[in-house]
Amino acid sequence: MSGGAGYETLLVEERDDRVVVTLNRPRARNAINAAMVEELHAVCAGLERRPRLLLLTGAEGVFAAGADIQELLERGREEALAGINSRLFDRVARLSMPTVAAVDGYALGGGAELAYACDVRLAGESAVFGNPEPGLGILAAAGACWRLAELAGVSVAKQVLLGGRRLDAAEALRLGLVAEVVPDGELLGRAHRLLDRMARSAPGALRLTKLVLDARGPHPLADDLAQAILFESEEKRDRMRAFLDKGASS
């Protein structure tokens, strides 16, 4: 199934009051690559021109199982400083109208960070959140190091980012990371009902409420500077090559 409307990695449905975006690289478990980043920027540009609610989800039972490791392997200091993923996720977070991530299956690495950047997360029963970046010789530099701490607390963020802990749907609900857990087959319907409720509010009030709620510190600059160091390390290259070799042999 193609993205349509000029999109190769996304399915985009435009409605009067919302835009529904489905990450659509199922053969790569919807891993976020450069093409998807570019297309999500195009979606954001449209929402900046005409503000509407945004619903993000993933195709075929997976939200996004990370960023594209082959592309990350080739990135160096300059790409880290450009904040390829962090600038996109920050743009998603700064959209003027509310955003909802409907997560079933894996939301790992960059996929988790994209979900963290949304205003509200709903989870299917199969949802799993995690940030395994240090195992690949890098850090979660696209928001997890500060957004997850804001959403679920510093202790939980350290367990996920330093200890490799993955959060299933029930844990994510208990920790406040997601608003609700529903059967996977009911996830999109429940997400649309949430958006329906949002749409009944005054758009101006929603926009100003979100603007007042959101306040940022030194991020994402600090994330990009740290990632610039790690992207140049031989250990990062060795670990990512090992990951890719393992996948090719399995």
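Two strands are taken to pair if DSSP finds at least two bridges between them, and helices (H or I, at least four residues) and strands (E, at least two) are DSSP runs, numbered from the N terminus. The structure examined here is a predicted model, in which local features need pLDDT of at least 70 and side-chain atom pairs count only at pLDDT 80 or more, whereas totals for chains, interfaces and linings use all residues. Residues are numbered from 1 along each chain as its sequence is written, and side-chain values use heavy atoms, with hydrogens and water left out.

Strand β6 (residues 120–124) has partners in both β4 and β9. With strand β9 (residues 180–182), β6 runs parallel and is joined by 3 bridges, and within this pairing A123 stands opposite V181 of β9. Strand β4 (residues 99–103) likewise runs parallel to β6, the two being joined by 4 bridges, and here A102 is placed opposite L122 of β6. Of the 5 residues in β6, 4 are buried, so that the strand is mostly covered, where buried means under 20% relative accessible area, exposed means over 50%, and partly exposed lies in between (1.4 Å probe, protein chains only). Strands of a sheet pair through backbone hydrogen bonds, either parallel or antiparallel.

An open sheet of 3 strands was also found, with the order β5-β7-β8 and mixed pairing. Its edge strands are β5 (106–108) and β8 (167–168), each of which pairs on one side only. Strand β7 (residues 128–130) pairs with β8 in the antiparallel sense over 2 bridges, and F129 stands opposite L167 in β8. Helix α5 (residues 110–117) lies across β5 and β7 and runs at about 90° to β5; for such values, axes are lines fitted to C-alpha atoms, for helices over the stretch in contact, and angles run from 0 to 180 degrees between N-to-C directions.

A93 is buried, with a relative accessible area of 8%. Not counting residues up to four places away in sequence, A93 touches A117, R147, K210 and D214, contact being defined as heavy atoms within 4.5 Å. The C-alpha atoms of A93 and D214 are separated by 8.8 Å, although these residues are 121 residues apart along the chain.

A search of the whole structure for disulfides, each defined as a pair of cysteine sulfur atoms within 2.5 Å, returned 0. C44 is accordingly in no disulfide, and the nearest cysteine sulfur, that of C118, is 9.5 Å away. Seen from C118, the closest cysteine sulfur is in C44, and the 9.5 Å between them is too far for a bond.

Two residues were noted for their backbone angles. Most residues other than glycine have a negative phi, and most peptide bonds are trans. R29, by contrast, is a residue other than glycine with a positive phi near 50°; R29 is placed in the loop between β2 (18–23) and α1 (34–49) and is partly exposed, with a relative accessible area of 42%. E60 also has a positive phi, of about 55°, although it is not a glycine. The place of E60 is in the loop between β3 (53–58) and α2 (69–74), where E60 is exposed, with a relative accessible area of 68%.
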